[in-house]
Amino acid sequence: MNKLYILSFIGFTVLLGSCTDEFDELNENPNSPETVDPQFLLSNIISVEADQNAFSQGFRLANYIQQFAASVEFERIDRYEMGTNSEYWNTIFQLLSDIKSMRELQGSNDAYNAVGDVMQSFLFSQLTDMWGDVPYSDAVNALEGQFTPTYDTQERIYTNPDTGILAVLEQASITLENSNATINGDVLFNGDLNKWMRFANSLRLRYLMRISKRLTDYSEIQALASSGKLMQSNADNAVLPYLTSAPNQYPMTLSALGLYQEHRMTTTVDSVLTLWNDPRVNVLYKPTQASVNNGVPEFKGLQNGQGRETIAARGIDLNDVSLFGAIFRDVPDGVDAQFMQYSEVQFALAEAAERGFISGDVQAYYEAGIVASFEYYTVELPVTYLSQETVALNGTDNLNKILTQKWFSLIANGHEAWFNVRRTGIPSLKPGPDNLNNNKYPVRYLYPESEQATNSVNYKTAAERIGGDNINSQNWWEKE
C-alpha cells in the first residue's frame, strides 16, 4: 500500500512550467506523463489512509489507548505518554491536498468529487476528534501560498450548514445516488457508487451519534434509520483487504518479532470475553505459550499501564500472557484495513433506539451487530450466546451491553473505539499503575510542534479556546 504514496507527488508536477519558450523541448520528458488521471490519486488516497487507520493508528497506537493491547516494555503510549502524533497530522493534510488535486485533474467528474468529499470528511473527522479545533475552512490552501490557516471550532467543523462534515456527506450521498458517472482506481468498492452512498450515510450516522450530546433534534438520525440507505450487511463494509505478497501485506507480518511481542492481550479484554464466553478470542488472540506447553491452552491478559519494573516486581511471566492472534502476524492477508463495518452501524442504531433518539427494535439492532461481528471474523455464533445473562438485553444495563459489544467490534479500527469511550464512558477504562497522566484517561493528542513554530498565532488562539494544549482538554462533543 505504501508504495502508492509516491503517486501523491505526481499531481504537483503538472503545475511546473518551462522557464522560457526556447527550452520547451528540453523540458519535455518523454518518460514522464504530463497529466495524471484521477484514478491514481484516488487509489493513493484510499490505500494510504486505510493502511494508516488499520496499522500505524489502529494496531500500533489506538489499541493501547482502547485497552485491546498492553505493552510489556517500550510502548509508552500505554502509560499515556501521548505526544503529538504529528506524522499522522502531516499525512492527513497531504491526502487532503491530493483530494484537492484529484478534483482539478482532467477526467474528474461528479462521482470522483463526491467520493473525494466522503474521504475528505473522514480525514477531517480524524483531525478534529484527535486534536480538537483544527484547520478546516483554510486547511488546504498551501497550493495558493497560505501556510498559516486559522483553526475552526469543532462545532463548526461538524455542523456548519453549508460546509460542515455532516452537510458535505449528505450532499455527497445524494450525488452518488443519482450520478451516472464512473470512476476508476477505486480499491475500496471497485467503482460501486451505491456502496459509496451507503458508506457516506453510515458515516453521517457515526458522526451524528458522536455529537449527540450537543443535539436537541434527532430527526436526521431517524431519517437515516428509516432510509434503507445505510450499510445493509457485511457486503457493504468499507474495508480494504491486505494481500498475500509484499509490499501489500499487513505490515505486522513484515515487522520485527519484538514489535509484535509488545502487543499483549489485556486484562480488560480477558475479563470481558470470559464474561461473555466469547469464541472470537480464538481468532483475535493466542493462548499463552506457557499454557500450550502445559497441554491446557488458555488465554490471559496483562494489565495496561505497567512499566517493566512493575512487571518484574510482580513476577509476571510474559510467556503466560496472550499475544494477538495469527491473523495479525502469521497470515499476511489475515486482516483488512478497516474504515467502517456494518456491525458498527447496527450498534449505533441500537444505542440511538435505546436512548429514544429513534423508534426501532433495540434488541434486533443489537443482535444484528453481534451476528455481523461474528460473521466478519468467520466465527460460528454459539446457539446460547445471545441468550446468556451477560449478553442478553434486560432493560437495566442495556447501554452498557450495547456499547461494550460495539467497543470490542472496533478492535484495530483506528481510534474509533477511543472516540466512543470518550463520549460514553463505556466501557470504563482505568489508567494503569504506572500511567504518566495523573490517573486520568487521555482525550486528545498534542498539537504538532510545527504548528507552534510556523502557525503560532492561530495555534495559540486554538489552544486557549479548547482549554490548553494538553491531553486532557476535552472536545466540544464530549463535554458534559
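User: Which loop holds Pro247?

Analyst: Pro247 lies in the loop between strand S3 and helix H10 (257-261); helices (H or I, at least four residues) and strands (E, at least two) are DSSP runs numbered from the N terminus. The model is predicted: local features need pLDDT of at least 70 and side-chain atom pairs count only at pLDDT 80 or more, while totals for chains, interfaces and linings use all residues. Residues are numbered from 1 along each chain as its sequence is written, and side-chain values use heavy atoms, leaving out hydrogens and water.

User: What is omega for the peptide bond that joins Ala246 and Pro247, and what is omega between Ile426 and Pro427?

Analyst: Omega is about 5° between Ala246 and Pro247, a cis peptide bond. Ile426 and Pro427 are also joined by a cis peptide bond, with omega about -10°. Pro427 sits in the loop between helix H18 (416-424) and helix H19 (449-454).

User: How do you know whether Gln67 is buried or exposed?

Analyst: Gln67 has a relative accessible area of 4%, therefore it is buried. Gln67, which is not a glycine, has a positive phi of about 60° and lies in the loop between H3 and H4.

User: Why is Gln52 called buried, and what does Gln52 touch?

Analyst: Gln52 has a relative accessible area of 12%, so it is buried. The residue is part of helix H3 (residues 38-65). Leaving aside residues up to four places away in sequence, Gln52 touches Gln57, Gly58, Tyr88 and Thr91, where contact means heavy atoms within 4.5 Å.

User: Why are H4 and H5 called roughly antiparallel?

Analyst: The axes of H4 (residues 86-104) and H5 (residues 110-131) cross at roughly 160° and come within 10 Å. Angles over 145 degrees count as roughly antiparallel, under 35 as roughly parallel, 65 to 115 as roughly perpendicular and the rest as oblique, and therefore H4 and H5 are roughly antiparallel. Residues of H4 in the contact include Tyr88, Trp89 and Ile92, and those of H5 include Tyr112, Asn113 and Gly116. By class, this contact has 15 nonpolar, four polar and two charged residues.

User: How do you know that the length of H16 agrees with its number of residues?

Analyst: At 1.5 Å times one less than the number of residues, the 15 residues of H16 (residues 362-376) should span 21 Å; the end C-alpha atoms are 21 Å apart, which agrees. Helix H7 (residues 165-178) agrees too: 14 residues should span 20 Å, and its end C-alpha atoms are 20 Å apart.

User: What do the buried residues of H7 and H16 pack against?

Analyst: Those of H7 pack against H5, helix H6 (154-159) and helix H8 (193-210); among them are Ile165, Leu166 and Ala172. Those of H16 pack against strand S3 (238-241), strand S4 (336-340), helix H15 (342-354) and helix H17 (398-409).

User: Why does Tyr376 count as buried?

Analyst: Its relative accessibility is 16%, so Tyr376 counts as buried. Tyr376 is in H16 and, not counting residues up to four places away in sequence, touches Asn234, Asn237, Val239, Asp336, Gln338 and Gln341.

Note on methods:
Axes are lines fitted to C-alpha atoms, for helices over the stretch in contact, and angles run from 0 to 180 degrees between N-to-C directions. Ala, Val, Leu, Ile, Met, Phe, Trp, Tyr, Cys and Pro count as nonpolar, Asp, Glu, Lys and Arg as charged, and the others, Gly among them, as polar. Buried means under 20% relative accessible area, exposed over 50%, partly exposed in between (1.4 Å probe, protein chains only).
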